[in-house]
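Here are my notes on this one, point by point. Have the model open while you read.

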Amino acid sequence: MKYIDADGHVEECPTTFSDQYLELAFRSQRPAVIGRDGLAYWVIDEQMFPRRVGRGCNNLGTPASYDGIPTRHTALKPDSIESMELTDINARLRSMDAEDIAIQVVYPSLFLAYPLTSNNTFATALYSSYNRWLGDRLVPSKT
Amino acid sequence: MVGTDYGHADYSNDIEAIQTLARGGKISSSLGQKILGDNPKRLYGL
C-alpha cells in the first residue's frame with residue numbers, strides 16, 4: 001500500500017529569490033538570509049522571519065542554513081538540506097519511498113508567515129518567484 | 001488524512017504515525033485506507 005502525504009513542505013533558500021526567478025523591479029528588495037546564534041532569518045522589508053516570540057509568532061524551518069552552515073534546528077533533522085530545499089529531488093523521493101509515500105502535497109514554509117510585507121506588489125513578486133523556483137525544482141532534469 | 005509536515009521540526013513523529021496507522025490494530029484497515037489514501041485523493045482531486 002502506498003500513501004498520500006497531505007501536508008509536506010519545502011524550505012525556501014536564497015535561490016528561491018535569485019535573479020533567475022525574481023522580477024528585475026524587485027531585486028533591490030530581495031529577501032536576504034542572516035545568521036545569528038546558530039539560527040537563520042529572512043530579512044524582508046527590514047523585518048525578520050521567522051519571528052519566534054510574541055504575538056503572531058511563527059517557527060519556520062526556513063532558512064535551513066546560512067553561509068553554508070546548517071542552523072541548530074536543521075542539524076537536528078534526519079534529512080539532508082538538499083531534500084528539505086528540493087535541490088536534490090531524488091533525496092526527497094528516497095525519504096518518501098522509505099515511508100511508502102507515493103504522493104506528497106508540498107506547501108511553502110516562508111509564506112506561512114503572513115504578511116511578509118505590506119507592499120502587495122512586492123508580495124506578488126515574491127509569490128511569483130517562489131512559483132517559478134518550485135516549478136524548476138520539481139522537474140528532475142533541472143535539479 | 002495524514003500530513004507529515006515534512007521539513008518542519010516535528011515531522012518525524014507524524015511519519016511514525018503513518019506506519020502505525022498502516023499496521024492497523026486500533027482501527028480497521030478500511031478506515032486506515034480512507035485516512036491514508038482515499039480522503040486526500042478526494043480533497044486534492046488526485
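**Notes on the model**

1. Of the 143 residues in chain A, 33% count as buried (that is, 20 or more other C-beta atoms within 10 Å of the residue's own; 12 or fewer is exposed, in between is partly exposed, and C-beta atoms are placed from the backbone).

2. Bear in mind that this is a predicted model: local features need pLDDT of at least 70, side-chain atom pairs count only at pLDDT 80 or more, and totals for chains, interfaces and linings use all residues. Residues are numbered from 1 along each chain as its sequence is written, with chains lettered from A and ligands numbered from 1 in the order in which they are written.

3. On confidence, the model scores ipTM 0.83 and pTM 0.89. Chain B averages a pLDDT of 81, and 80% of its residues score at least 70 (pLDDT is the predictor's confidence in each residue, from 0 to 100).

4. Chain A has 4 helices and 7 strands, taken as DSSP runs numbered from the N terminus (helices H or I, at least four residues; strands E, at least two). Starting at the N terminus, the order is β-β-β-β-β-β-α-α-α-β-α. The radius of gyration of chain A is 15 Å, close to the 15 Å from the globule rule for 143 residues, so chain A is as compact as a globular protein of that length (the radius is taken over C-alpha atoms; the rule is 2.2 Å times the number of residues to the power 0.38).

5. Among contacts in chain A between residues at least 6 apart in sequence, 62% join residues at least 24 apart. A contact here means C-beta atoms, placed from the backbone, within 7 Å.

6. Have a look at helix 4 of chain A, residues 120-137. Which of its residues are buried? They are Ala125(A), Leu126(A), Ser129(A), Trp133(A) and Arg137(A). Helix 3 (89-98) of chain A is included in what covers the buried residues.

7. As for the interface, 19 residues of chain B are in contact with 19 residues of chain A. On the chain B side, helix 1 (11-23) and helix 2 (29-44) each supply at least two residues, and the largest share, 5 residues, comes from helix 2. That side divides into 11 nonpolar, 6 polar and 2 charged residues (Ala, Val, Leu, Ile, Met, Phe, Trp, Tyr, Cys and Pro count as nonpolar, Asp, Glu, Lys and Arg as charged, and the others, Gly among them, as polar).

Technical notes: Contact = placed C-beta atoms within 7 Å. Expected span 1.5 Å × (residues − 1).
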